[in-house]
Amino acid sequence: RLQASPSGGRIVHLTSTYHFKVDGSELIPGGLSTNDGNAIPMAYESDPALMSPKHVERSYANTKLAQIWHSRSMSIRGGVPSVCACP
């Protein structure tokens, strides 16, 4: 749990509306797995031979969506107000 600020602070994530380009399915652990058998998200894949031509666009969109999910999680579980802003 984050330590509460006496001044009632908050966390602000700068993100982008570009997150609408993806549905989040590549961020959820699934088909890929590590050597020890743990599932990893498809977005974690870094082998150029397995990447599609749209990989760079999807990667950026996935990071923006992950920021929004992280902000929501921090707000719910962290006990500190957390918001996302698109400049």
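Helices (H or I, at least four residues) and strands (E, at least two) are DSSP runs, numbered from the N terminus. The structure is a predicted model, in which local features need pLDDT of at least 70, side-chain atom pairs count only at pLDDT 80 or more, and totals for chains, interfaces and linings use all residues. Residues are numbered from 1 along each chain as its sequence is written, and side-chain values use heavy atoms, with hydrogens and water left out.

**View 1. Overall fold of the protein.** Among contacts (heavy atoms within 4.5 Å) with a separation of 6 or more, 64% join residues 24 or more positions apart.

View 2. Val12 belongs to strand 1, residues 11–14. With a relative accessible area of 46%, Val12 is partly exposed, because buried means under 20%, exposed over 50% and partly exposed in between (1.4 Å probe, protein chains only). Together with Leu14 and Val83, Val12 forms a nonpolar surface patch with about 250 Å² of accessible area. Patches are made of residues with over 30% relative accessible area and no salt bridge; nonpolar side chains (Val, Leu, Ile, Met, Phe, Trp, Tyr) are joined within 5 Å, like charges within 9 Å. A salt bridge is a side-chain nitrogen of Lys or Arg within 4 Å of a carboxyl oxygen of Asp or Glu.

**View 3. Cys84 and Cys86.** Cys84 is partly exposed at 32% relative accessibility, and Cys86 is partly exposed at 43%. The whole structure contains zero disulfides (pairs of cysteine sulfur atoms within 2.5 Å).

Terms used: Areas by Shrake-Rupley, 256 points an atom, 1.4 Å probe, with all protein chains shown as cover.
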